[in-house]
Amino acid sequence: MINLLYFARLREELDCADEALEYTPELGTVADLVAVLRARGGSWSEVFDEGETVMVAVNQEMGGIDSPLADGDEVAFFPPVTGG
Amino acid sequence: MNKISVQSEPFDLAAIQDALRCESPAIGAVVTFLGQMRDINEGEAVTTLTLEHYPGMTEKALQAILDEADQRWDLMGIQVVHRVGPLKPLDPIVLVAVASAHRGEAFQACEFIIDYLKTRAPFWKKEQTPEGERWVDARVADDRAEQRWRR
């Protein structure tokens, strides 16, 4: 499984805080995962549109579109951070 | 000693600063940065600010920033406190306190830590205004501030 987390504006727009997704070897990188999520349509295709700035963390470390994925990973998507 | 705290409770700047400076008589300088909530942003009145974070990653991201500060400068203790949850104008949001033998390193490290925190630690601000709620957008100026420290 891949444990997915969504934060802040993304969580609200997707109306989803977390979910577990079946892991398949096709989910090689974050880019593959984003393609799966975008294909859900509706707010998913809007949030993960090419023009949107979405940050990703894999196992609680900042990652990128090319970050590799493995079964059991925790993947979080969120907007640019605004702390401090 | 370095200490990180992500908490909903208020914090006492004076007590934290005192604990840090008393850790060693070799400490000659303590620089603190305090960020507090403003009642106006982007020209609109803000009544409440709600801070969300990514429990687990937040602490790791802050620890990574402190580790990098320790590598770059000769420091004698860092304390970072960041509040989460609902806040009102004038509420302190974040405290960065850095101790070193001399002021130069503490000043630089303190600014480095808050600059990196703003672009790398997973916190998000949501503002409540008379016109409704809105998520705060990331600022280009914060990215530029972080880039100054790249090497």
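A salt bridge here is a side-chain nitrogen of Lys or Arg within 4 Å of a carboxyl oxygen of Asp or Glu. By that rule, a search of the whole structure turns up 14 salt bridges over all chains. This is a predicted model, in which local features need pLDDT of at least 70 and side-chain atom pairs count only at pLDDT 80 or more, while totals for chains, interfaces and linings use all residues. Residues are numbered from 1 along each chain as its sequence is written, chains are lettered from A and ligands numbered from 1 in the order in which they are written, and side-chain values use heavy atoms, with hydrogens and water left out.

**View 1. A salt bridge links B:Glu52 to A:Arg11.** The closest N and O atoms of this pair are 2.4 Å apart. Across the interface of chain A and chain B, the rule finds 2 salt bridges.

View 2. A:Gln60, A:Thr82 and A:Gly84 supply 39% of what chain A buries against chain B, more than any other three residues. Counted by contact (heavy atoms within 4.5 Å), 21 residues of chain A and 25 residues of chain B take part.

**View 3. Polar contacts cross the interface of chain A and chain B in 14 residue pairs, both residues at pLDDT 80 or more.** A polar contact is a pair of N or O atoms within 3.5 Å; within protein, one must be able to donate a hydrogen and the other to accept it, and residues adjacent in sequence count only if both atoms are side-chain atoms. On the side of chain A that touches chain B, helix 1 gives the most, with 4 residues.

**View 4. Four strands of chain B form an open sheet with mixed pairing.** Helices (H or I, at least four residues) and strands (E, at least two) are DSSP runs, numbered from the N terminus, and two strands pair if DSSP finds at least two bridges between them. The strand order is 1-6-8-2. Strand 1 (3–7) and strand 2 (29–36) of chain B stand at the edges, each with a single partner strand, so one side of each has no neighbour in the sheet.

**View 5. Strand 6 (residues 75–83) and strand 8 (residues 92–100) of chain B run antiparallel.** They are joined by 7 bridges. Look for B:Gln79, whose bridge partner in strand 8 is B:Ala97.

Definitions and conventions. Buried area is the accessible area (1.4 Å probe) that two parts lose on being put together, summed over both.
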